[in-house]
Amino acid sequence: MLILKYRKEENILKKRGMSLIVLVITILVMIILAGVVIVSLSKNNPIDKAKEAIYKSDIASFKQELSLTMVNEITNDATYDVSKADVFGEKLKEAQKYIPSFTKEYDKDYDIIDGELVYKGTDIDKDSPVYVPETSKDDKRFKMTYKIDAPNTLIQMPLTQISIDQYVGGVPFKFDYVIDWGDGTPTKKVTAWNDPDKDHIYAAPGKYQIKIEGILEAFSYRTESKPYTHLTNEQSRLGIISIDNFGEVGLKFFTFLNAKNLTQIAPPNKRSFENMIYAKENFQNTGLVEIPENFFYSAKNLKYAEETFEGCPSLTRIPATLFHKNPKLESVYEIFGDDVNIQSIPDKIFSRSTKLVNVTDAFKRLGAVPEISEDLFANCPDLKYLTNTFKDCTSLKKIPAKLFSNNTHILDIQEIFKRCENVDKIPVTLLDNCPNIEDLYKAFDGCTGARGPVPELWKKYNISNTAKFAHCFQYCTGVSNYDQIPADWK
């Protein structure tokens with residue numbers, strides 16, 4: 001009996017043990033299932049979705065308000081500078097001048113920059129442009145990569161002491177930087193344009209990234225002799241293959257002229273070109289394959305962008321927003337001349353260039369461009385000089401009749417459409433709103449495909465100097481009123 005009693009109790013304990021195990025397992029399963037449910041709810045929570053919808057609606061509303069404010073400002077004052085509409089940091093009252101309904105909830109995550117609402121938080125999924133408010137130390141460095149082909153190669157940094165260019169004047173440039181040549185040798189301090197430490201000898205072939213931190217206001221890889229500039233040897237130009245970062249070194253003037261192996265340039269940051277007024281020959285005759293959008297974004301004082309991208313045969317497109325942050329722009333002389341593979345000219349590239357005066361040679365020999373927009377110069381009321389602007393654009397089919405409707409100050413159009421052999425006609429109303437033209441020398445010379453009548457410019461303009469209108473319609477033999485064109489004009 002005693003043995004049976006113990007066996008019964010043993011069986012009871014075993015059953016209880018089994019029950020406890022089952023209970024523990026059941027609890028664990030329930031916990032796991034609960035976790036799955038919570039995760040599922042967090043992903044599909046209708047409350048969160050509703051909040052997200054409200055957030056997106058608010059942001060869209062703020063952007064619309066800001067846009068209307070900018071439109072009103074420009075309507076009331078044609079000279080209003082949108083690029084100065086900046087509100088950084090948590091300044092709610094200041095932000096509400098532009099966006100009346102803006103709230104404190106959003107003020108901590110958004111700034112107003114150049115008249116646009118910009119997200120400054122860390123959530124990359126936010127539906128708004130993102131920027132980094134503080135530039136890291138590394139990003140402030142100017143960086144470029146060299147390819148060295150032979151041992152003991154001398155690389156020269158062509159610092160410029162003083163500018164003698166007509167637009168910059170004789171202002172001395174400053175130099176106070178540390179350079180890391182990227183080959184493991186000690187860094188060097190450079191404090192003058194003729195400092196011996198500005199040059200370096202690479203002992204072995206390879207690729208090396210140069211890093212410069214400090215003040216580097218000007219350098220020039222020009223090949224011709226210029227006073228106050230150290231010329232470079234061929235390897236110093238041809239060894240450059242990329243500009244990896246423009247950084248914040250105070251650049252005022254630079255050119256990589258004839259650096260034919262330079263193919264890639266990084267987008268500048270918001271302060272890279274803030275001191276730049278004159279952009280000349282920056283990438284002329286290089287192997288550049290693409291121009292970053294808003295390349296001149298930080299150059300708010302830029303007045304002259306001349307020969308900047310001239311002679312870059314690998315370029316195929318012009319960024320539509322290239323000059324949208326440069327309200328002071330006055331001249332784009334020869335900026336894209338000889339870029340033979342560019343396929344089009346953006347309609348609105350000068351839509352904010354209200355001070356533009358000179359487009360001489362700007363699109364010369366763009367032989368692949370089939371058309372130009374009638375709005376190209378619509379917002380450039382001060383435009384004056386258009387010598388050779390579309391010369392040798394041999395694929396151009398039409399000249400828009402309203403191309404110069406808003407350009408009453410034009411003075412010079414010599415050779416503007418010379419050898420545009422596929423243009424179908426020269427609109428008779430093309431220059432109706434241009435009473436002040438003084439030079440039409442060979443303006444339409446070689447438009448051999450033109451048909452219909454040409455404008456009777458010999459009656460419109462009283463120009464005494466024959467050289468200012470000679471050969472205006474030379475070789476336009478297919479136009480219907482060719483016989484009526486005075487001999488001096490053809």
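**Aromatic pairs and an open sheet**

Let me start with the rings: the count comes to 40 aromatic pairs. Keep in mind that this is a predicted model.

I will take two of these pairs. W181 and Y202 are edge-to-face, with 6.2 Å from centre to centre and 80° between the planes. W181 sits in the loop between β5 and β6, and Y202 belongs to strand β7, residues 200-202, so this pair ties together parts that are 21 residues apart in sequence. Are these two residues buried or exposed? W181 has 1% relative accessibility and counts as buried. Y202 is at 0%, and counts as buried too.

The other pair is F417 with F444. Their ring centres are 6.0 Å apart and their planes stand at 10°, so the pair is stacked. Both F417 and F444 lie in the loop between β14 (304-306) and α6 (457-460), and the pair ties together parts that are 27 residues apart in sequence. F417 counts as buried at 0% relative accessibility, and F444 is buried with a relative accessible area of 1%.

One more ring before I move on. K490 lies over the face of Y482, 4.2 Å from the ring centre.

Now the sheet. Six strands make up an open sheet with mixed pairing, and their order is β6-β5-β8-β3-β10-β12. Which strands stand at the edges? They are β6 (188-190) and β12 (264-265); each has a single partner strand, so one side of each is left without a neighbour in the sheet.

Strand β3 covers residues 142-148 and is mostly covered, with six of its seven residues buried. Four bridges join β3 to β10, residues 240-245, and these two strands run antiparallel. M144 stands opposite I243 in β10.

Last, confidence. The protein averages a pLDDT of 84, and 81% of the residues score at least 70. Where does pLDDT stay under 50? One such stretch is residues 36-43, for which the model has two contacts beyond four places in sequence. Another is residues 122-136, and that stretch has 25 contacts in the model beyond near neighbours in sequence.

That is what I have for today.

Conventions
Residues are numbered from 1 along each chain as its sequence is written. This is a predicted model: local features need pLDDT of at least 70, side-chain atom pairs count only at pLDDT 80 or more; totals for chains, interfaces and linings use all residues. Side-chain values use heavy atoms; hydrogens and water are left out. Two strands pair if DSSP finds at least two bridges between them. pLDDT is the predictor's confidence in each residue, from 0 to 100. Contact means heavy atoms within 4.5 Å. Buried means under 20% relative accessible area, exposed over 50%, partly exposed in between (1.4 Å probe, protein chains only). Rings of Phe, Tyr and Trp (its six-membered ring) pair if their centres lie within 6.5 Å; planes under 30 degrees apart count as stacked, over 60 as edge-to-face and the rest as tilted. A charge sits over a ring if NZ of Lys or CZ of Arg is within 6 Å of the ring centre and within 35 degrees of the ring normal.
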